[in-house]
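Q: Can you walk me through this model? I'd like the overall build before the details.

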Amino acid sequence: SAQYTDLMSLDDTFEGEVVRVEHGDKNLAVYSVNGEIYCTDNLCTHGNALLSDGFLEGFEIECPFHQGRFDIRDGRVTCEPASKAVKSYPIKVSDGRVFVDLS
Ligand code: FES
């Protein structure tokens, strides 16, 4: 079952941008697109690059190392050389706070 934990303030997200968020031992990438918040692991599945250093275009994040791409909504690969999906996490927004289900 879903277990949402308080991740950050909604004020720390920016429309059309990705931010890096450390939470416990997790390094997360948090995206704001069309007023919705999305979250994935920050580490690229292809190498030692942080997606938060990449380029967000629509619902796709492009890795800064080899330009692999992932859909931020479900983590699936949309462009090689990435081949393994990045984990994505459900998000809820309430009272100006962003909650994530890391379970
Ligand atoms: Fe991300 Fe290679 S490290 S595509």
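Q: How many helices and strands does the protein chain have?
A: This is a predicted model. Its protein chain has 0 helices and 11 strands. From the N terminus on, the elements therefore read β-β-β-β-β-β-β-β-β-β-β.

Q: What about the radius of gyration?
A: The radius of gyration is 13 Å, close to the 13 Å from the globule rule for 103 residues, so the chain is as compact as a globular protein of that length.

Q: And what box do the C-alpha atoms fill?
A: Along the principal axes, the C-alpha atoms fill a box of roughly 40 × 25 × 20 Å.

Q: What share of the residues is buried?
A: Buried residues are 23% of the 103 residues in the protein chain.

Q: What part of the contacts is between residues 24 or more positions apart?
A: Such pairs account for 40% of the contacts with a separation of 6 or more.

Q: On to pairing. How do β2 and β3 run, and over how many bridges?
A: β2, residues 18-23, runs antiparallel to β3, and 6 bridges join the two. E22 has N27 in β3 as its bridge partner, and R20 is bridged to A29 in β3.

Q: What sits between β2 and β3?
A: The two strands form a hairpin with 2 residues between them. G24 lies in that turn and has a positive phi of about 60°.

Q: Then which way do β3 and β4 pair?
A: β3 and β4 pair in the antiparallel sense, over 6 bridges. Y31 stands opposite Y38 in β4. β3 and β4 also form a hairpin with 2 residues between them, and N34 in the turn has a positive phi of about 55°.

Q: Which residues have the most contacts inside the largest nonpolar core?
A: V18, A29, V30, Y31, C39, L51 and I61 do, in a core of 18 residues. β3 (26-33), β4 (36-41) and β11 (97-101) each supply at least two residues of this core. β3 gives the most, with 4 residues.

Q: Pick C39. What is C39 in contact with?
A: Leaving aside neighbours within four places in sequence, C39 is in contact with L28, A29, V30, S88, Y89, I91 and V100.

Q: New topic: what order do the strands of the open sheet have?
A: The open sheet has 4 strands in the order β5-β6-β7-β8, with antiparallel pairing. β5 (55-57) and β8 (77-79) are the edge strands, each pairing on one side only. Neighbouring strands of this sheet are turned by 30° against each other on average, direction ignored.

Q: How many bridges join β6 and β7?
A: β6 (residues 60-62) and β7 (residues 69-71) are joined by 3 bridges and run antiparallel. I61 stands opposite F70 in β7. I61 is also one of the residues with the most contacts inside the largest nonpolar core.

Q: Where is R76?
A: R76 is in the loop between β7 and β8.

Q: Why is R76 called partly exposed?
A: R76 has 14 other C-beta atoms within 10 Å. A residue is buried at 20 or more and exposed at 12 or fewer, so a count in between is partly exposed.

Q: What does R76 touch?
A: Not counting residues up to four places away in sequence, R76 touches F70, D71 and A85.

Q: And how far apart are the C-alpha atoms of R76 and E60?
A: They are separated by 9.7 Å, with the two residues 16 residues apart along the chain.

Key:
Residues are numbered from 1 along each chain as its sequence is written. This is a predicted model: local features need pLDDT of at least 70, side-chain atom pairs count only at pLDDT 80 or more; totals for chains, interfaces and linings use all residues. Two strands pair if DSSP finds at least two bridges between them. Axes are lines fitted to C-alpha atoms, for helices over the stretch in contact, and angles run from 0 to 180 degrees between N-to-C directions. A nonpolar core is a set of buried Ala, Val, Leu, Ile, Met, Phe, Trp, Tyr and Cys residues joined through C-beta atoms within 7 Å. Two residues are in contact if their C-beta atoms, placed from the backbone, lie within 7 Å. The radius of gyration is taken over C-alpha atoms; the globule rule is 2.2 Å times the number of residues to the power 0.38.
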